[in-house]
Amino acid sequence: MAQTSDSSAKVIPLPHQAGPAKVGDAGDEHRRAEAELVERCRQGDQRAFRTLVERYQRKVFSLAFGLLKDPDEARDISQEAFLKAHRHIGSFQGTASFYTWLYRITVNLCIDRKRKVGRGSEVELDERLSHRQVGSPADVLSAQKLSFNPQRVAQSSELRHRILEALAQLSEQHRAVLVLREVEGLSYKEIADSMDCPEGTVMSRLFHARRQMQQLLSDFAEDAEQEGAE
Amino acid sequence: MAVADDKLSKLFDNELTSDEAEALRQELSVEEQAKLAALSDLHLAVHDAVETEAASHELDLWSQLEAKLALPSTVVPEAPVIPLRRKLLLRTTAVVSALALAASLLFVLRPATSPGSSCDVEELEVIGSGATVLQVADDRGNDTTLIWFDHQEEDEWESL
């Protein structure tokens with residue numbers, strides 16, 4: 001039974017509020033400037049396209065890297081995504097942001113790449129998982145903190161690789177949602193636009209991706225403790 | 001009352017309005033606060049792992065993209081206007097020559113003309129007179145034969 005917190009615990013810092021800055025938070029000015037760049041690209045202005053590439057290349061690469069785990073593949077996909085965006089910029093409606101459109105291209109390319117090399121077999125299993133009721137007794141978020149200090153991740157390449165390994169065990173769809181949320185900081189709506197699916201599906205996938213990651217990383221924490229004891 | 005995990009997730013992801021978020025914060029139990037802290041740990045771990053690892057790789061997409069984007073404009077082939085004209089000229093000459101040859105052959109090999117059924121004309125010559133036999137179609141669709149005599153003077157024949 002959950003206990004109601006007392007008045008001293010009223011103000012709970014939500015760590016995610018200090019998380020990654022949302023790309024969409026830049027405001028109307030940013031959107032106008034971006035729309036102008038897109039329009040110039042449509043008219044064949046390569047300098048405008050260069051600005052867009054330089055603005056988003058790191059984000060697109062991070063997304064592709066988070067999904068593929070291979071820097072060379074991620075670089076290839078990033079290039080392909082920008083080439084595709086350039087080729088089809090005339091058909092970009094402008095109803096969604098340019099970057100959500102670009103992320104959609106990138107996610108689709110990554111999923112296609114994974115499927116081509118035959119690593120997409122786990123999608124069906126995970127898709128079944130994602131349709132289960134969120135919050136059912138067998139499937140709740142863990143209240144356990146990670147046994148390692150997350151701040152250490154930046155210093156420890158071994159920790160990073162273990163986390164990336166855990167990420168690689170998720171299905172493409174779950175990994176994509178998790179990376180778009182945790183790394184790129186997109187809202188549910190923006191993720192839904194990027195992945196061309198309903199917001200409810202985003203929530204469900206995100207929940208299961210987090211739950212799986214908690215399980216995978218708690219195993220790792222136990223391993224680490226055992227290794228330390230030995 | 002326990003807060004459902006989906007609401008906790010929405011709170012963590014800033015997907016609630018400020019009023020909703022504030023109301024929910026009032027209800028959180030210790031366990032639910034711990035869940036939020038665990039979500040925060042996971043966020044930091046995933047974010048930092050991917051960002052740090054991705055940032056360790058050099059990235060200059062533009063230099064390669066620029067080359068690829070420039071490629072179509074530099075390799076556009078010039079339209080082969082002159083060869084095409086020559087080809088058309090040769091073809092036209094060949095076709096005209098062939099037609100002229102065919103026309104000549106048809107002219108030479110055409111069947112000999114014979115009197116039509118509408119009007120056949122034959123010339124007869126007898127001593128002392130000449131006659132022309134005409135066979136023409138009448139109004140009823142039948143043939144009618146006309147013989148036109150052209151009488152000549154005896155002395156004329158004698159002089160022949």
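Trainee: What does Gln79(A) touch, leaving out residues up to four places away in sequence?
Mentor: Leu61(B), Gln64(B), Leu65(B) and Lys68(B). Keep in mind that this is a predicted model.
Trainee: Which element holds Gln79(A)?
Mentor: Helix H3 of chain A, residues 71-87.
Trainee: And is Gln79(A) buried or exposed?
Mentor: Buried. Its relative accessible area is 7%, and the cut-off for buried is under 20%.
Trainee: Which side chains does the Gln79(A) side chain join in polar contacts?
Mentor: One is Gln64(B), at 2.8 Å. Another is Lys68(B), at 2.9 Å.
Trainee: What area is buried between chain B and chain A?
Mentor: About 5,600 Å². Carbon and sulfur atoms give 64% of that.
Trainee: How many salt bridges cross the interface?
Mentor: Three between chain B and chain A. One of them pairs Asp13(B) with Arg210(A). Their closest N and O atoms are 2.7 Å apart.
Trainee: How many residue pairs are in polar contact between the chains?
Mentor: The count is 14, with both residues at pLDDT 80 or more.
Trainee: New topic: cores. In the largest nonpolar core, which residues touch the most other members?
Mentor: Phe82(A), Phe98(A) and Met213(A). That core has 69 residues.
Trainee: Which element supplies the largest share of this core?
Mentor: Helix H2 of chain A, residues 46-68, with twelve residues.
Trainee: Back to Phe98(A). What does Phe98(A) touch, with residues up to four places away in sequence left out?
Mentor: Glu34(A), Val38(A), Leu52(A), Tyr56(A), Ile89(A) and Phe92(A).
Trainee: What other core lies apart from the largest one?
Mentor: A core of twelve residues. Its members include Val3(B), Leu8(B), Leu16(B) and Leu24(B).

Methods:
Residues numbered from 1 in each chain as written. Chains lettered and ligands numbered in written order. Predicted model: local features only at pLDDT ≥ 70, side-chain atom pairs only at ≥ 80, totals over all residues. Heavy atoms only, no water. Buried area = accessible area lost by both parts, 1.4 Å probe. Salt bridge = Lys/Arg side-chain N within 4 Å of Asp/Glu carboxyl O. Polar contact = N/O pair within 3.5 Å; in protein donor to acceptor, adjacent residues only side chain to side chain. Helix = DSSP H or I, 4+ residues; strand = E, 2+ residues; numbered from the N terminus. Buried < 20%, exposed > 50% of the residue type's maximum accessible area, 1.4 Å probe, protein only. Contact = heavy atoms within 4.5 Å. Core = buried A, V, L, I, M, F, W, Y, C linked by side-chain atoms within 4.5 Å.
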